[in-house]
Amino acid sequence: MDTRPRWPLTGELLKDKGDARHAAVAVKVPDNRQEHPQRGIGDADIVFVQLEGYLDADGYSSTRLVPVFHSKMPDTVEPVRSIRPVDVPLLSPMDAIIGNTGAAKWTIAYVKKYSKHLEAMLSYLATRGTGSYGTDQSRVYQYQGQTYYDRATTCHPKVLAKQTKRFRDGPPRVYFPIAPSDKEVSTVKYKGKDGRTLKVPYKGDDYLMGYTYDKKTKRYLRSMPWGPHVLADGKRVSTDNVLVIKAHQHFEHHEPMHDIIDTKGTFLYFHEGRYVTGTWRKAGVAEPFRFALTNGEPLLMAPGQTFVELPDTKARLRIGD
């Protein structure tokens, strides 16, 4: 058994365990076209891509991002929006705190029910005067005589991490199953299928999140439905791993839901142009995902950054070589 210390959310080797003794900070980042470009998500250890809502005539996105920061803590992440119910089972296994602008009453009640496992009440209103949040004046806009700040709220993860009193020791365990060596990564050991391109649909086949493997960087370059996913600093979003967790989607109290508690489903894991498939299982809210390949062996992933896509069980993925 590999007992070397690792960063809990990337699986990369850790020289000094003390470096990891701080809270993991998740930030709720909107993914609407008019709220791009985003800032800071390139430093995330994990980025969850979740259902936002129905695609409307104005081209609003049907996804919302949840970048989680731990091994790297950027100065600023923006823009910032509200919490969704699925954040609870996704983030509870890592004892995360959530940078956010609040939530609907029903969601707040749900989050409080599981506050033992995560801290979500550190919103921009609850942390006034600490410097945990700010306003990007360049993103403030006027519409029909009203001033709007929904695209302008910023989060400062380094500062927000210091506001928690309960989760200062950081994530309690490694979030994903990490291979002890390159040759034991499942896509290598079991000679995964060609998977140099991937398109993941949300709310229909015309709204696709895309990934293209780049041999030069050995990373997947990410695209939005309208083109390359580019951040405010001009850098293209890319990732070491792409993990697709297919789960039933529906709405409750007008909130988008992903059924991932006490259930199972199928997954696809992409790394360096190849992919493998299998079944995922998750027990209670604070329990981690478990992954088994179609051959019955456990999934072993490569260390590094991971984008987790959460499409519906009926989503028709498009995979190319």
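Two strands pair here if DSSP finds at least two bridges between them. Strands (E, at least two residues) and helices (H or I, at least four residues) are DSSP runs, numbered from the N terminus.

Welcome to this predicted model, in which local features need pLDDT of at least 70 and side-chain atom pairs count only at pLDDT 80 or more, while totals for chains, interfaces and linings use all residues. Residues are numbered from 1 along each chain as its sequence is written, and side-chain values use heavy atoms, with hydrogens and water left out.

**Strand β22 and its partners**

Strand β3 (residues 46-51) runs parallel to β22 and is joined to it by 4 bridges. Strand β16 (residues 241-245) also pairs with β22 in the parallel sense, over 4 bridges. Here are two bridge partners to look for.

| Residue | Bridge partner in β22 |
|---|---|
| Phe-48 | Val-308 |
| Leu-243 | Val-308 |

In a regular strand the side chains alternate between the two faces of the sheet. Buried means under 20% relative accessible area, exposed means over 50%, and partly exposed lies in between (1.4 Å probe, protein chains only).

**Asn-100 in its loop**

Now move to the loop between β5 (97-99) and α2 (105-113), where you will find Asn-100. Asn-100 is buried, with a relative accessible area of 1%. Its side chain reaches the backbone oxygen of Ile-98 at 2.8 Å. A polar atom of the Asn-100 side chain also lies 2.7 Å from the backbone nitrogen of Gly-102. Leaving aside neighbours within four places in sequence, Asn-100 is in contact (heavy atoms within 4.5 Å) with several residues, including Lys-28, Arg-81, Leu-122 and Tyr-133.

**Helix α2**

What are the buried residues of α2? They include Thr-107, Tyr-110 and Val-111. These residues are on the same side of α2, because they cover an arc of only 100° around the axis; the arc is that of the directions from the helix axis to the C-beta atoms. The covering of the buried residues includes α1 (87-91) and β18 (255-258). On the face turned away from the buried side, α2 carries the exposed residues Lys-105, Lys-112 and Lys-113.

**Lys-203**

Lys-203 is partly exposed, with a relative accessible area of 34%. Lys-203 and Met-257 are 54 residues apart in sequence and 13 Å apart in space, C-alpha to C-alpha.

Notes: A polar contact is a pair of N or O atoms within 3.5 Å; within protein, one must be able to donate a hydrogen and the other to accept it, and residues adjacent in sequence count only if both atoms are side-chain atoms.
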